[in-house]
Every structure is written in C-alpha cells, then in structure tokens.
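Dear colleague,

I am handing over the structure below, and my notes on it follow.

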Amino acid sequence: MSVRAYGAHAADKPLESIDIERRAVGAHDVQIAIAYCGVCHSDLHQVRSEWDGTRYPCVPGHEIVGHVTAVGGDVTKFKVGDTVGVGCLVDSCQHCSACDEGLEQFCENGFTGTYNGRTADAPGHTLGGYSQSIVVKDDFVLKISHAPEQLAAVAPLLCAGITTWSPLRHWKAGPGQKVGIVGIGGLGHMGIKLAHALGAHVVAFTTSDAKRQDALDLGADEVVVSRNAEEMAAHANSFDFILNTVAASHDLDAFTTLLKRDGTLTLVGVPEHAHPSPNVAALIFKRRAIAGSLIGGIAETQEMLDFCADKGITAEIEMIAIQEIDAAYERMLKSDVKYRFVIDNATLAA
Ligand code: NAP
Ligand code: ZN
C-alpha cells in the first residue's frame with residue numbers, strides 16, 4: 001500500500017513529502033493508522049547523518065500512536081479499532097538470551113529499529129512514523145490504555161518515556177534515593193516526572209535558567225543551573241544516581257563529582273561528537289561508575305505505559321503540522337522545546 005510520508009533524500013536536504021510503500025499485512029502483522037508521532041532528537045541526529053550509517057530516503061519517527069486498521073490471521077492480542085503504540089523497535093531475533101529475557105533492545109543478532117533498520121521490505125530499510133500508517137509484527141505493538149483525549153501526549157512515552165524509565169528502574173530509583181536528571185528536553189522532562197512518580201528526591205540540572213519553574217512544576221524537588229559552579233558545588237558527593245539526557249558533547253566530571261560513593265552516572269544522550277575523556281581519579285576514589293542505557297524492552301515498555309496510564313502521566317507537548325518539522329528541529333537544537341514536539345499526522349494529507 002502506498003502512503004504519504006515525510007522524509008529526506010540526503011543529510012543536507014530538508015524533509016519533504018514522499019510516497020512510500022507499506023507491506024501487505026502478514027499473518028502476525030498489525031496495520032496501524034498513525035494519529036500522532038513524537039519528534040525525538042534521535043530523528044534529527046539520524047536524518048542529518050550526525051550518526052554513521054543513515055540510509056536514504058530517511059523517514060524518521062519512533063514515538064508512534066494510532067489505531068489498528070487490520071490484523072493478520074494469527075494475531076490474537078489486537079483487533080481493528082484498538083489504540084496502540086510503536087516505539088523504537090519493530091523486530092528482533094526473539095530467540096537469543098537477551099530476547100528471552102525481554103531485552104530486545106540488546107538482541108544479540110541485532111534488533112530492527114523503527115527507522116533505518118535493515119528489512120526485506122522496500123526500499124531495504126525501515127521507514128518510521130512521519131507517515132500515515134505502518135505495518136508492524138504484533139509482538140512489537142504496545143497497548144495504550146490512557147484516555148482517548150490524552151493520545152497525542154502519550155506518543156513521547158514510546159521513546160522518551162521508556163528511555164528514562166528503564167534506567168530509573170534498573171538503578172532502583174525510589175524513596176530515599178537522591179536522583180539527578182540532566183537536560184530538560186524530551187527525555188529529561190519525562191525523567192523528572194517518572195523519577196518523581198517512583199518516589200525519589202529529584203534534582204533537575206539545566207543549562208536554561210528560564211526552565212527553573214517548569215522543572216519544579218514537572219516534579220523536581222530542586223533545580224540546579226549547571227553553568228553555575230556554586231550551585232553545582234552545593235551538591236558534591238550527594239547523588240545515588242544521575243541520568244544524563246544531554247544531546248551534545250560536554251564535561252562529564254561536573255556530574256561524576258556529584259555522585260556519592262558507589263553512585264552511577266548513566267548516559268542516554270548520544271551526541272554527534274564525543275564527550276571529553278572523564279577524570280579517572282574522580283571515579284576510582286569513590287568507586288563511582290559511568291554507565292549507558294538503551295531504550296527498553298517490549299515488556300518493560302508496556303509496564304511503563306500501564307504505570308503512566310494508572311498515574312495519569314503523559315508528556316508536555318507542543319503539537320505541530322508535519323510542514324513545520326524543520327522549524328521544530330531548529331528549535332530543538334536551541335534547547336527550545338516545551339517539552340516534546342508531536343506531529344499531528346493528519347497534516348500529512350495536506
Ligand atoms: P532534546 O529534547 O533536544 O533535549 C536535550 C536537552 O539537553 C536540551 O533540552 C537541553 O536541556 C540539554 N542540552 C542541549 N545542549 C546542551 C549542551 N550543549 N550542554 C548541556 N545541556 C545541553 O533531546 P531528547 O530528544 O531528549 O534526546 C536527548 C539525547 O538522547 C539525544 O542525543 C538522543 O539521540 C538520545 N536518545 C537516546 C536514547 C537511548 O536509548 N539511549 C533514546 C532516545 C534518545 P536544558 O535546556 O535543560 O539544558
Ligand atoms: Zn527517540
């Protein structure tokens with residue numbers, strides 16, 4: 001089936017309207033009419049080839065929500081009309097030790113990303129959610145139980161939500177823990193909400209003085225402007241865990257030195273240029289760790305969606321028409337996102 005999408009033909013070309021093919025619905029497939037798609041900073045990194053290996057045409061988008069329009073004969077978990085989501089993964093081998101543990105994002109045979117992943121479907125790589133519809137294997141489709149009017153604000157949970165939820169759970173953020181969230185963008189603002197909902201004492205770190213009040217409103221107990229050395233020094237040696245969502249290269253020592261003994265700084269941002277090498281002594285003397293984390297598995301994504309539906313948690317969003325995507329990217333580069341752009345996919349028809 002031919003559907004309207006928005007994508008780029010090269011790193012230095014703007015996104016434009018293109019028609020793409022979606023495969024016929026197979027026995028285990030779910031066809032989804034996409035209502036909304038969140039705009040992740042990864043979309044920008046990928047489409048502008050800031051990371052290696054972008055395949056063109058590139059249609060980004062991995063924060064997909066919509067409604068089921070058809071299901072294959074062997075699909076039992078979904079039916080036409082269901083409200084569903086698709087995140088960053090659309091396939092994995094489903095039989096390695098990582099997949100067996102529900103950690104499809106670490107599939108030893110390589111997962112298939114929602115965009116830029118190798119696939120048998122034309123044009124040989126996956127095309128994402130800046131499109132009218134998508135066909136996805138049932139095991140990679142998520143159920144959404146939020147109220148219908150919250151649907152657009154649920155979209156960012158599919159990447160920003162799970163990418164912050166997974167490390168917060170893995171490093172056991174909860175009551176009695178002091179947790180830092182660095183960077184108040186799409187991921188960071190979800191990190192603040194989720195860490196707060198899990199019961200941790202949350203400190204938000206921002207480079208933007210103007211986001212102070214917003215950070216408190218999102219659920220932070222304290223806010224630190226990271227450019228202010230005095231404010232930073234007041235928190236030395238005090239954190240159990242810090243989640244760093246920053247999308248640009250920066251000095252990590254500023255944050256490792258805020259960890260207590262055995263504390264962990266976990267990186268989820270994937271900047272175009274490497275961070276300066278961290279100070280090893282700052283790690284050794286207090287057995288501090290620097291770690292990384294990649295999105296989350298399918299079961300964990302469902303757990304996060306259900307937790308958020310139960311607690312009434314959604315993202316703070318700014319809705320855009322697809323034709324505004326380049327302007328949205330420029331604002332994202334200036335850290336001017338309040339706090340996630342979400343595309344109204346109905347505008348693809350314009
Ligand atoms: P975003 O909305 O642009 O937010 C990033 C935030 O980082 C900005 O709002 C800003 O917050 C802060 N920041 C930006 N430039 C900075 C600089 N030079 N120094 C310090 N802080 C800076 O991006 P996002 O969508 O949240 O994505 C963040 C990163 O995570 C991207 O690199 C993305 O590719 C990556 N990502 C990783 C995974 C994963 O699985 N690991 C998943 C999704 C995304 P303040 O204004 O508060 O400083
Ligand atoms: Zn993302």
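How many residues of domain 1 are in contact with how many residues of domain 2? The model is predicted, with local features needing pLDDT of at least 70 and side-chain atom pairs pLDDT 80 or more, while totals for chains, interfaces and linings use all residues. Residues are numbered from 1 along each chain as its sequence is written, chains are lettered from A and ligands numbered from 1 in the order written, and side-chain values use heavy atoms, without hydrogens and water.

The chain is divided into domain 1 (2–159 + 316–349) and domain 2 (161–292), with bounds taken from an automatic or database domain assignment. As to the opening question, 13 residues of domain 1 are in contact (heavy atoms within 4.5 Å) with 18 residues of domain 2. The centres of the two domains, taken over C-alpha atoms, are 28 Å apart.

Between them the domains bury about 1300 Å², 55% of it on carbon and sulfur atoms, where buried area is the accessible area (1.4 Å probe) that two parts lose on being put together, summed over both. Of the area that domain 1 buries against domain 2, 42% comes from Cys 159, Glu 316 and Tyr 339, more than from any other three residues.

One salt bridge is counted between domain 1 and domain 2, the term standing for a side-chain nitrogen of Lys or Arg within 4 Å of a carboxyl oxygen of Asp or Glu. The side chains of Lys 193 and Glu 316 form a salt bridge, at 2.5 Å from N to O.
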